[in-house]
Amino acid sequence: MRTYRELFRTPEFGALFGAFSAQVAANTVAGLALGVLVFEATGSPLLSALSMFGTTFAQLLGATLLMSAADRLPPRAAMTWAGLLFAAGTAALALPGMPVWGLLAVVLSLGLVASVGGGVRLGLLSEVLPREGYLLGRSVMNMAAGVVQIGGFGLGGLLVAVLSARGTLLCAVALNLLGAAAAWFGLSSRAPRATGRASVRETWRVNRLLWSSVPRRYAFLAMWVPNGLIVGAEALFVPYSPTHAGTLMALAAVGMLAGDTLVGRFLSAGVRRRLGVPLLVLLAAPYLVFAVDPPLPVVAVATLVAAVGYGSSLVAQELLMDLTPDEMHGQALGLHSSGMMAMQGVAATVAGAVAQRTSPETGIVVMAAASLVVTLLLAPGLRPGRTGRPSPADDGAGAAVRT
């Protein structure tokens with residue numbers, strides 16, 4: 001599977017793509033509206049930011065407690081119920097008189113739903129598409145997420161101005177219901193990938209098993225840390241240049257889309273594997289130019305070129321798929337997604353703290369340098385030939401866990 005036409009001709013991929021796009025649009029619009037609503041009520045930038053991005057930390061909690069459900073729930077029903085729960089939670093956020101602590105509690109609850117829902121969706125993607133088509137499908141969904149988020153923030157701002165924050169939240173409810181309908185009517189009924197009851201204990205057991213493999217540890221760390229640190233650098237665009245931050249964010253999105261297109265559509269498997277580490281280097285190295293106080297055009301080019309390196313995440317995901325048994329795909333991919341988002345939130349907080357004590361330029365350089373150091377430390381374990389699929393003894397049910 002090498003073309004987008006072949007991809008969208010695959011049964012069920014269109015429905016999965018539609019459900020995912022509707023959820024991203026709903027989350028983007030709702031996040032902006034909720035941030036405005038909380039800031040108007042409290043005047044607190046911190047509480048406003050937590051209302052918009054607090055789900056990332058809740059997703060990490062979900063990955064450590066609930067992720068075993070991603071492989072043990074029927075995918076069609078799970079995705080439909082996730083959409084309905086998001087709709088109900090977003091409707092609750094729109095209720096007049098809801099206290100701020102209540103809003104934050106709902107946000108955290110939705111983060112737990114998102115963590116399991118993301119694992120279910122990514123695991124289902126690996127079933128809907130043949131193994132050789134997974135990377136192309138994942139890259140298309142990454143690109144869709146970027147495009148929808150860019151449009152969603154613009155649409156969200158317009159809706160808030162026209163309908164108010166609460167009215168915008170109700171629009172997000174409709175989008176969530178649309179995503180639930182796409183999942184229910186467009187997907188076929190499938191059995192869960194794994195047997196047994198989902199539980200906290202089972203989540204911990206499988207997480208330990210996933211982490212016990214050295215090659216898988218390298219893959220997880222490659223997806224979590226280097227790009228999370230660069231997201232932290234990008235979080236400083238506003239204090240660096242308030243008037244041009246939107247342009248820099250847009251250029252980063254364009255570069256990310258270009259990287260995903262290149263890796264997912266045009267590179268062979270062998271070339272992709274060899275370019276995993278170079279792409280991680282590309283992701284960070286251009287930001288070192290901030291150390292010499294460059295003019296804005298140079299900053300713009302550096303931002304655009306660096307973001308192409310986000311394609312490295314697709315390479316690491318492909319490696320993770322090769323290293324993980326099918327019955328663990330949902331939990332492994334959900335753990336990747338939740339851990340990555342949590343790392344991005346942590347890195348943005350650290351970058352802000354560094355910039356607060358120094359300057360935005362220094363914060364960007366520090367985060368980029370840290371990303372390069374981590375990449376160099378991970379490079380030996382990511383070289384082609386150094387990673388192989390673990391033996392059945394390492395991944396089978398009841399296998400001893402290596403530490």
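**Salt bridges in the predicted model**

Glu12 has a relative accessible area of 17% and is therefore classed as buried, since burial requires a value under 20%. This description refers to a predicted model. Across the whole structure, a search identifies six salt bridges.

One of these salt bridges joins Glu12 to Arg190, with a separation of 2.7 Å between the closest N and O atoms. The two residues belong to distant parts of the chain, 178 residues apart: Glu12 is found in the loop between α1 (4-9) and α2 (13-42), while Arg190 occupies the loop between α7 (134-186) and α8 (200-212). In contrast to the buried Glu12, Arg190 is partly exposed, its relative accessibility being 23%.

A further salt bridge is formed by the side chains of Glu202 and Arg72, with an N to O distance of 2.7 Å. Because Glu202 is part of helix α8 and Arg72 is part of helix α4 (residues 69-72), this pair ties together parts separated by 130 residues in sequence. Both Glu202 and Arg72 are buried.

Asp322 and Arg273 also meet through their side chains in a salt bridge, here with an N to O distance of 3.3 Å. Distant parts of the chain are again linked, as Asp322 lies in helix α14 (residues 312-323) and Arg273 in helix α12 (residues 269-284), 49 residues apart. Asp322 is partly exposed, with 29% relative accessible area. Finally, salt bridges with shared partners connect Glu12, Glu127 and Arg190 in one network.

Note on methods: Residues numbered from 1 in each chain as written. Predicted model: local features only at pLDDT ≥ 70, side-chain atom pairs only at ≥ 80, totals over all residues. Heavy atoms only, no water. Salt bridge = Lys/Arg side-chain N within 4 Å of Asp/Glu carboxyl O. Helix = DSSP H or I, 4+ residues; strand = E, 2+ residues; numbered from the N terminus. Buried < 20%, exposed > 50% of the residue type's maximum accessible area, 1.4 Å probe, protein only.
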